[in-house]
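Let's take a walk through this structure together, one stop at a time. Keep the 3D view open and turn it as you read.

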Amino acid sequence: MLRSLTARAIVPVAVAVTGFVIVCCILLYSVMKSDMINDAVSYEVNLADTIIKSTRYAMLKSDRETVSNIIDNIGSQDGIEHVRIFNKKGLIMFSQQHDEINRYVDKKTAGCIGCHAGTVPNATIRDMERARRFVNKRGTEVIAITAPIYNEPACYTASCHFHNSGQKILGTLDIGLSAAPLLKTLSVMRGRMMVFSIMVLILSVGGVAALLRRHVFVPLREIKAFTAKVNRGNLSPELSGISGELTDLAGDVRAMASRLRNAVEELEKLRGCREEAKEKAGVNANSV
Amino acid sequence: MAVPPPGRTEITLAMKNQATHSPQPEDAERPPAQKGAQESMEKIRRLKAKASRGLFALALFIAVSIGAVQNFEFLPTFSPHIRAVLGTPPSANMISAALMLYSFSAIILILSRMMSGSGSYSGFSHVGYLTAFFAFYHFSGALDENFWAVFAAGITVLGLESYHIWTFCTEEIKKEQENLAAPARNRGSGEGAGE
């Protein structure tokens, strides 16, 4: 396993680059996902504030029909899964789904437990803690937020109203937006990141492999083939076209082969001279 | 990642010697070549044990990861008082930045150790660091989203560590086996020359 130089050189680089790119992509995706969810929650907080401000005058005038119309119109927009206003006791007063009006909300559900965990409900809570994610009855993933409707001097001094000044929260607006567009964007982003990662991996690992092959493995293979030929007795093979740091090695191997060839030639020459001398000595002996 | 077996008669002979010989007094009488062979055998044994450390660290990390994927439900939960004592956990973004920095530096350190041919191994420390990342994500409530990031970092770092220690030990074992075979080879060539 991994005996070849190619595998030994490329495997650690490939593992390191692949692993690091995967870790970075997962972390980046996670950070971007949480940023996008935070943005969606901020958008919902702003939308909830707008709805509360839009209904404020109608509420001051105790104009229930106008409030109901506003809620219906907002709820009919694309992407809005539910809009409801319930009073301090949890009784739904206005809702885009008319069948749930005059029903109580469950205080133990995800959106309510944040404030109603203790015996005394928490009146102030941060934006992110007011948000919740769940799958509704229609099977749509929803990002919902609850916004408290605070008591104001205009509320408890109005002649038509019965709220006293000690009551801090009059009711709560609950609005839920479909998470489908967000999930679709995240899915597209995930796909793009995967393509980008694969391209980075192919480029980096392929680049390293190509450069190693061009500058190390091919010259080494040529030197190996050259030495193998010399070893088999072929003393005049060609070894050229080697550049970079392996030039010196190729030069040394070539010089060794050349010296070996010279030595063999000299040996051959000496052997020839010896045979000639032997022949001469034989001729002389015959003539004598 | 099995290390190559010795597969030489000298090694088996040396092993037999190692098994049958009793300690100190006989060591003094033993010829230096035999003593050297026994030392080489002992070194090979130690290298083989060291080569498998990478697998143990990986197995330990996978066991911790299985616990993390279950959100450490088998461990007792901290009481609110202990949580208050521990303080607010760092944000998930901070932990992610630390994880990225850790993976980068760990990979660079392992690659530099590979380059220098050092035989040091720190796989078990990495298992500790990665477990700490799991713990931090768990306490900040972001383990579900970041589990795969820690897992990928762990597999990469420990995989590289294992590969490094395995190749290092394999090469060292080969050297020791050549050392063990050298006297026998010399003896063989000497006898050949004598003839």
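This is a predicted model: local features need pLDDT of at least 70, side-chain atom pairs count only at pLDDT 80 or more; totals for chains, interfaces and linings use all residues.

Is Ser178(A) buried or exposed? Its relative accessible area is 16%, and because buried means under 20%, Ser178(A) falls in the buried class. A polar atom of the Ser178(A) side chain lies 3.1 Å from the backbone nitrogen of Ala180(A). Once its neighbours within four places in sequence are set aside, Ser178(A) is in contact with Gly79(A), Glu81(A), Thr140(A) and Glu141(A).

Now zoom out to the sheet. Five strands of chain A make an open sheet in the order β2-β1-β5-β4-β3, with antiparallel pairing. At the edges stand β2 (92-95) and β3 (131-135) of chain A; each has a single partner strand, so one side of each is left without a neighbour in the sheet. On average, neighbouring strands of this sheet are turned by 25° against each other, direction ignored.

Five bridges link β3(A) to strand β4 (residues 141-150) of chain A in the antiparallel sense. Find Val135(A) in your view: its bridge partner in β4(A) is Glu141(A). Helix α1 of chain A, which spans residues 5-60, packs on this sheet and touches β1 (80-87), β3, β4 and β5 of chain A. The direction of α1 makes about 40° with that of β4(A). Another helix, α6 (residues 180-232) of chain A, lies across β3, β4 and β5 of chain A and runs at about 130° to β4(A).

Next, look at β1(A). How many of its eight residues are buried? The count is seven, so this strand is mostly covered. With β5(A), β1(A) pairs in the antiparallel sense over seven bridges, and Arg84(A) has Asp174(A) as its bridge partner in β5(A). With β2(A), β1(A) pairs over three bridges, again in the antiparallel sense. Here Ile85(A) stands opposite Phe94(A) in β2(A). The two strands β1(A) and β2(A) form a hairpin with four residues between them, and Gly90(A) in the turn has a positive phi of about 95°.

Time to bring in the partner chain. Chain B has eight helices and zero strands. Of its 195 residues, 36% count as buried. Among contacts in chain B between residues at least 6 apart in sequence, 84% join residues at least 24 apart.

Where the chains meet, 19 residues of chain A are in contact with 22 residues of chain B. The area buried between chain A and chain B is about 1700 Å², and carbon and sulfur atoms give 72% of this area. The interface holds one salt bridge: Arg8(A) pairs with Glu171(B), with the closest N and O atoms 2.9 Å apart. Two residue pairs are in polar contact across the interface of chain A and chain B.

Side chains of opposite charge can pair when their charged atoms come close. Over all chains, the count of salt bridges comes to twelve. One of them takes us back to Glu141(A), which forms a salt bridge with Arg133(A) at 2.7 Å between the closest N and O atoms. Both residues count as partly exposed, Arg133(A) at 36% relative accessibility and Glu141(A) at 23%.

In chain B, turn to helix α3 (residues 32-51), where Arg45(B) and Glu42(B) lie three residues apart, about one turn of the helix. Their salt bridge has its closest N and O atoms 2.7 Å apart. Glu42(B) also meets Arg46(B) in a salt bridge, at 3.9 Å from N to O. Glu42(B) and Arg46(B) are four residues apart in α3 of chain B, so about one helical turn separates them. Arg46(B) counts as partly exposed at 47% relative accessibility. As a last stop, salt bridges that share partners join Arg84(A), Glu100(A), Arg132(A) and Asp174(A) into one network.

Note on methods: Residues are numbered from 1 along each chain as its sequence is written. Chains are lettered from A and ligands numbered from 1 in the order in which they are written. Side-chain values use heavy atoms; hydrogens and water are left out. Buried means under 20% relative accessible area, exposed over 50%, partly exposed in between (1.4 Å probe, protein chains only). A polar contact is a pair of N or O atoms within 3.5 Å; within protein, one must be able to donate a hydrogen and the other to accept it, and residues adjacent in sequence count only if both atoms are side-chain atoms. Contact means heavy atoms within 4.5 Å. Two strands pair if DSSP finds at least two bridges between them. Axes are lines fitted to C-alpha atoms, for helices over the stretch in contact, and angles run from 0 to 180 degrees between N-to-C directions. Buried area is the accessible area (1.4 Å probe) that two parts lose on being put together, summed over both. A salt bridge is a side-chain nitrogen of Lys or Arg within 4 Å of a carboxyl oxygen of Asp or Glu.
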